[in-house]
Amino acid sequence: MTVVRSVLDPTSAEFAANREAVLAALTELDAEHAKALAGGGAKAVARHRSRGKLLPRERIELLLDPDSPFLELSPLAAWGTEFAVGASVVTGIGVVEDVESVVIANDPTVRGGASNPWTLKKSLRALQIARENRLPVIQLVESGGADLPTQKEIFIPGGQLFRDLTRLSAAGIPTIALVFGNSTAGGAYVPGMSDHVVLVDGGAKVFLGGPPLVRMATGEIADEEELGGAAMHGRVSGLADHVASDEQDAIRIGRRIVARLNWRKRGPAPLPSLPPRYPEEDLVGIVGPDLSRPFDPRDVLARVVDDSDVDEVKPRYGPSLVTAWARIHGHPVGILANAQGVLFSQEAQKAAQFIQLANQTDTPLVFLHNTTGYMVGREYEQGGIIKHGAMMINAVANSRVPHLSVLLGASYGAGHYGMCGRAYDPRFLFAWPTAKSAVMGPAQLAGVLSIVSRAAAEARGTPFDEEGDTAMRAAVEAQIEAESLPAFLSGRVYDDGVIDPRDTRTVLGLCLSAIANGPIEGVGSGRGDAGFGVFRM
Amino acid sequence: MITRVLVANRGEIARRVFRTCRDLGIGTVAVYSDADADSPHRAEADRAVRLPGSAPADTYLRADLLIAAARAAGADAVHPGYGFLSENAEFAQAVLDAGLTWIGPPPAAIAAMGSKVAAKKLMADAGVPVLPELDPGAVADSDLPVLVKASAGGGGRGMRVVRTLAELPAALDAARAEAASAFGDPTVFCEPYIEVGRHLEVQVLADAHGTVWSLGERECSLQRRHQKIVEETPSPMVDDRLRGELSAAAVAAAKAIDYVGAGTVEFLARNDGSFWFLETNTRLQVEHPVTECVTGLDLVAAQLRIAAGERLPAAPPEPRGAAIEVRLYAEDPARDWRPTGGTVRRFAVPGVTAEFDVPPRPGIRLDAGVADGTPVGMAYDPMLAKVIGWAPTREEAAARLAAALAGARVHGMTTNRDLLVRTLRHPEFLAGRTDTAFFDRIGLGQLASPLAGPDEVRLAALAAALAGAATRRRDARVLGGLPSGWRNVPSPAAAGGVRRGGADRRGGLPVHP
Amino acid sequence: MAGRTVEVGYRYTRDGLLVEGRDDVGRVTATPEEVIVEIGGAEHRLRTFGAGSPDVDVEGDGWSVALRALPRFPDAAAAVAAGSLVAPMPGAVAAVHVAVGDRVQAGSPLLVLEAMKMQHPVVAPGAGVVRSLGVVAGQQVDAGTVLAVIEAEGEP
């Protein structure tokens, strides 16, 4: 074994400053999470409770195995929009009867659990995670349907929800719907498309059209129970497989359904693991607020991987990118971590080769981002930086092993792509609270705009408005800064959540275990033929 | 020459006799009823014979089955233990008639003592003080209160205190029924009931050659339902003069009936030192271990040797220190001593230095009838074990025994353990004021209250919850290595009222009913 | 103390164990067999037996407590027991064995339904009182017709 040496000095002033900045960012993050936890506010929560109903997170807690971990996904969805933080739905990965499952729970305290465009995006992301990682889906349904003012944003793409559900089923991934309340109109297809359906007696209402709509459409007068009550669906329509006597009973039945899925993970079981030799607590002191100051990712690895045991590949070649083998909670991984921010030709080629090696051995890859992008300048362009960057992007894009990305610091430009940004379909992507992602740094972007407009003014022969330029630069810088922040990106569901750096090992371990529900196969794995050998670059 | 002993008994006394037999190189045979199929005494014996059924009358009281069992298993001697047929002269005779050795006094001695009515006359004639006997049919108001006793009885079975004449007929009926069921003989008698007394008894050991030893007294005043639960030697109330008188009376009693073997002469005493003969128990007593501890003798070995015709030395050994025995019962003192029962999940007593044997130096002796997993039913006496503390002084013995009991692991049922600990630690007990009214005087409210108070219960519930979480993490098939109950977005712990089940990581843990 | 319910709310956090309703709990080490809890600066070592199962015994320093974990979910059998009995298929009521107000035990025959030449006994799902009878002997019933309503005993 090779214990990585960490050079971090937790007694330094820099560490203390970093720590202070990260803890401040975490406090802000907590405040945003608290908004999601508050749901529709105290009054709506009290009204919901007064009906003897459980809150979505209470339903989830009761569904999960006691004391098991739960990773909530996209908790900041809809942040910075007109809709409530959390997007009126809770999604996550949890353990039910020893089966890792994707849980999707409507929050009926937020506008009756109505779906807005962010609810849809967050739910579809959860279903994508279920499909890619072969995780059973358990939906805890209580939603008033589409948020009507935004129906135009939901109606057309919303059909994907039901399509994905049945495609999951077709792919051998069980889908379970526990219906606690309204699940009407389009929402009726959630239980409709699920493999297992439990309706709560006296609570669940599942119909295409409610009494007013039926009366409008056909003149028939029928009550809600006749149209969609649990007792009716249990005895008459057969839509319900189980009629639960109350919410707790529904959750109990849901757990029994999972227990009978005969679920087997198709990926490798984890090996025994030891905790890192360095304290996780230090992870808040590594990355500072000033992303222009690089840090050594080995300090992170020493606090994230099993036993701090890391075997680097090509440590002296392309030293601005660390490529290494390690394990996290017993799962073997290949790690690509930016060391000096900039990706040069050597680093790009090193990455491309390493990604091929991981595919050869069916080893998942973890990308730890802190990059300002590929190097620019005459020397580098002439040295073929585009070709070499393209190799890395080619390798990342066509790699078949699971990828996980964590934005530790900067993730700018094509470097974001090369390090498996969201568009490259990592199985999971998380950000530390002080990370930033954009096409380039805010100051650089504003500067570029300024140079371009100055050149345009010169070309037109008009005088350049220096004052206006300064104001423009400040405004652009502020806008890009805001749009680079993790909460902003998380709000648009461009990542799966902003995490406490000290939770990195736990989050990655949970994701790697979830991934192992499906087979882990690199390019050519299974047929034993990747087409070419690993290219030495 | 005895080569294989059948113990016509069950539980701890069977195990006790087996221990000595093993030490002497003698084979062992157990008998067991269906209710005792999982009892340690069956598993421990070299050979075992089933007695079909569970009721005593179908099993341990069936002389014919017991003798057939002895034959079937190749036993050449029968030890009766205590209770059941241990004081049944006909059984003793039947054993002898079957050509087997009877480990006990001659049937005639048993018969002489068997009728308590006759025994008292015999003792009065031998000059031993006795309480007047009252004809159940002629009890008058002035005689009250009286004690109704089974003539053939022992161990409190068939005993009733009667304080008004109106209660008498019912008490007699109940006592007769109980006596018939327990001893196969419905005869009962009455005697004056001494409200505040001391129960003293003298262990005697007599060989077949005329030597009779007194091994000193035991005090067994702490009783519930006339059944002893704390027994000790020497008695804190007995001085050398009284000890001499008691011993002389006991030896006279034994000699009067040509007693052979181990026996006990019971007396009722007042704090002023006056005493009366109660009865002679022609068998090993439950509480014999305290005498063994202080004398260093193995009374069962002595029984076996006497049965084989050996002679006792001229004088008994000098006693050393003080020994206290408590009987651990599956019963709830706070609920009128109601038997509880169930299955013993775990049983262990810390600091035990000997089992069924005299500890090599002062310490804790354990004579247990149960082990992990033993079912305790309602068919028999709910005694789980006897725990004995032996130390140079009575105070030390009490402290040591209390600590051993407090730390004892008795899981699966409510027991009288906490009462025993509180008794052993009570100033009145430590001061030697251990008369028969002890429990009434101190009050069960105080003595039977659990050793674990509200703070301990809360702490225990927390520990149970945390250990449960640790167990679930250990046993988890996925993600067991992740932090317990980890959340990236923790819900507020106090998520309002938690109803049935509630949010996770809350366990309702009610104290065992 | 017997029969009393003690609720425990706990959560492990980065900063240690949080226990609902008490702030004196310090460092904690918990295994299935042993829990060491620091309370008010003093360590308490507790042995636990049967942790994770319904019956848990906890031993402290010279005391022990027997606990039983409350079930996480309501009893499924009890939930099924209550309520109305409906005709499982169309048929004729061949016999009615009970009257309104009758006390019935689980399994007590209530009535007999004849359908497709088969006699189907309808029995009480649990102990209770017959609150209403929806049919009389000889009556034709459709599937789903409420035959009787039994009010379960000891309903909370």
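In helix 12 of chain B, the buried residues are Arg417(B), Asp418(B), Leu419(B), Leu420(B), Val421(B), Arg422(B), Thr423(B) and Leu424(B). This helix spans residues 417-424, and because 8 of its 8 residues are buried, it is largely enclosed by the rest of the structure. The model described here is a predicted one.

Strand 2 of chain A covers residues 89-96; 8 of its 8 residues are buried, so the strand is largely enclosed by the rest of the structure. Val89(A), Thr91(A), Ile93(A) and Val95(A) point one way from strand 2, while Val90(A), Gly92(A), Gly94(A) and Val96(A) point the other way, and all of them are buried.

Strand 2 of chain A has pairing partners in strand 1 of chain A, residues 70-73, and in strand 3 of chain A, residues 99-106. With strand 1 the pairing is antiparallel over 4 bridges, and Glu72(A) stands opposite Gly92(A) of strand 2. With strand 3 the pairing is antiparallel over 8 bridges, and there Val95(A) has Glu100(A) as its bridge partner. Strands 2 and 3 of chain A form a hairpin with 2 residues between the strands, in which Glu97(A) takes a positive phi near 50°.

In chain C, 4 strands form an open sheet in the order 12-11-9-14, with antiparallel pairing. Strand 12 (118-123) and strand 14 (140-141) of chain C stand at the edges; each has a single partner strand, so one side of each is left without a neighbour in the sheet. Strand 14 of chain C is joined by 2 bridges to strand 9 of chain C, residues 91-96, and the two run antiparallel. Ala92(C) stands opposite Gln140(C) of strand 14.

| Strand pair | Sense | Bridges |
|---|---|---|
| Strand 1 and strand 2 of chain A | antiparallel | 4 bridges |
| Strand 2 and strand 3 of chain A | antiparallel | 8 bridges |
| Strand 9 and strand 14 of chain C | antiparallel | 2 bridges |

Pro276(A) lies in the loop between helix 10 (247-259) and helix 11 (297-301) of chain A. Pro276(A) counts as buried because it has 23 C-beta neighbours inside 10 Å, where 20 or more are required. Leaving aside residues up to four places away in sequence, Pro276(A) touches Ala302(A), Arg303(A), Val304(A), Val305(A), Asp307(A), Ser308(A) and Arg505(A). Ile154(A) is 122 residues from Pro276(A) along the chain, and their C-alpha atoms are separated by 45 Å.

Conventions
Residues are numbered from 1 along each chain as its sequence is written. Chains are lettered from A and ligands numbered from 1 in the order in which they are written. This is a predicted model: local features need pLDDT of at least 70, side-chain atom pairs count only at pLDDT 80 or more; totals for chains, interfaces and linings use all residues. A residue is buried if 20 or more other C-beta atoms lie within 10 Å of its own, exposed if 12 or fewer, and partly exposed in between; C-beta atoms are placed from the backbone. Two residues are in contact if their C-beta atoms, placed from the backbone, lie within 7 Å. Two strands pair if DSSP finds at least two bridges between them.
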